[in-house]
Amino acid sequence: MTIRLPDLKGGLRAYDPRPEPLVVTPGTPFTSRTVFSAAHVVADPYADVSPDSPAAVDWDATLAFRRHLWSHGLGVAEAMDTAQRGMGLDWAGAAELIRRSAAEARAVGGRIACGVGTDQIAAGTLEEVRAAYEEQLAVVEESGAQAILMASRALAGAAKGPEDYLEVYGQLLRQSAEPVILHWLGPMFDPALEGYWGSSDLDAATDTFLEVISAHPDKVDGIKVSLLDAQREIDLRRRLPQGVRCYTGDDFNYPELIAGDEQGFSHALLGIFDPLGPLAAQAVRVLDTGNVAGYRELLDPTVELSRHLFQAPTRFYKTGVVFLAWLAGHQSHFTMVGGLQSARSLPHFARAYELADGLGLFPDPKVAEERMKNLLSLYGVNQ
């Protein structure tokens, strides 16, 4: 079973794959936390496209993966950063994804929340940015899904200061039909979002963010914080109005943030729960019983893999997510919309395989091993 993997020094090392997967079975719905997995899209490998072409999506495989997440009790956060919004998936593709996934959610009784942004425009005035948001909000609400107001590159470019964010978000929240989730995506995920909320000073930006929420607490279900700063998230969630949830988007520190402390805890909306879905679900069910130690025993060992996938440049974590979905048998190929499968190195893939295999994430370790060997052979690594 030994496989030779490339190391970071230009050599090869022997690795013995795990013979058996971790056994995880679907269970009852969660009772203590609301947990969403942001989900990736599966590209159509037979489409004749270039990196600049509209995304060609394999809809059957994409929806099948969402059914996999729902079967373990996870909610699906759709058409988000993990689905390559702004990195291969344009608004037309995202709108189709939202409609199809929301219909699938209704059919199987799954929970779904969908990203609302402004990616149908590259730039514009504040009025044009607001109109773009409104167009997408209408699509999500018509689909029956919950809305996630995502950070907007166009708004970051058009806003002159905090007051512009207050105006645009205030208008959107006043007209939303149901409470939304607000998403603060840090520049490590998208450099174009530097200075969001009107300042590069995170304390000042936090004050503006909280001002938006406090002005419309009845229209904000919760916030998703993706700043990879655990203490800042803890400080922020302690300042939220009563009834407004914090959904951690911290793929570096999620076990302790979800576990919480004597003053509260975070729910979850995480990209890393795409590859970790069944294991993460099992851990949360253990937490539901009050067994924090057992929860941490399951989830803490996954952090090394998550930190590896989300290492700088963090925005390319989607490549590792799709790579692991291929090894796990959720799709038949390792291609991505926009050709993003080329965004990480072979040693990076090798380490991701080793860490995921060690956690028992592959339902069939032999299939994962053979696929890893096939990839290695394409790079000239013979076994």
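Helices and strands are DSSP runs, numbered from the N terminus. In this predicted model, the chain has 14 helices and 10 strands.

- Strands of a sheet pair through backbone hydrogen bonds, in either a parallel or an antiparallel manner.
- Strand 6 (residues 146-149) and strand 7 (residues 180-185) run parallel and are joined by 2 bridges.
- Leu149 stands opposite Leu182, a residue of strand 7.

**Helices against the strands**

**Overall dimensions and packing**

- The C-alpha trace of the chain spans about 60 × 50 × 45 Å along its principal axes.
- For a chain of 383 residues, a compact globule would have a radius of gyration near 21 Å; the value for this chain is 20 Å, which agrees.
- Buried residues make up 57% of the 383 residues of the chain.
- Where contacts join residues at least 6 apart in sequence, 70% of them link residues at least 24 apart.
- The chain exposes about 15,100 Å², and carbon and sulfur atoms supply 50% of that area.

**Backbone features in the loops**

- Most residues other than glycine have a negative phi, and most peptide bonds are trans.
- Ala79, in the loop between strand 4 and helix 2, has a positive phi near 55°.
- Ala79 counts as buried because its relative accessibility is 0%, and the cut-off for buried is under 20%.
- Leu228 lies in the loop between strand 8 and helix 7 (230-237), and its phi is likewise positive, near 55°.
- Leu228 has a relative accessible area of 17% and is therefore buried.
- A cis peptide bond joins Ala312 and Pro313, with omega at about -10°.
- Pro313 is found in the loop between helix 11 (303-309) and helix 12 (317-327).

Methods:
Residues numbered from 1 in each chain as written. Predicted model: local features only at pLDDT ≥ 70, side-chain atom pairs only at ≥ 80, totals over all residues. Heavy atoms only, no water. Pairing = 2+ DSSP bridges. Helix = DSSP H or I, 4+ residues; strand = E, 2+ residues; numbered from the N terminus. Rg over C-alpha atoms; globule rule 2.2 N^0.38 Å. Buried < 20%, exposed > 50% of the residue type's maximum accessible area, 1.4 Å probe, protein only. Contact = heavy atoms within 4.5 Å. Areas by Shrake-Rupley, 256 points an atom, 1.4 Å probe, with all protein chains shown as cover.
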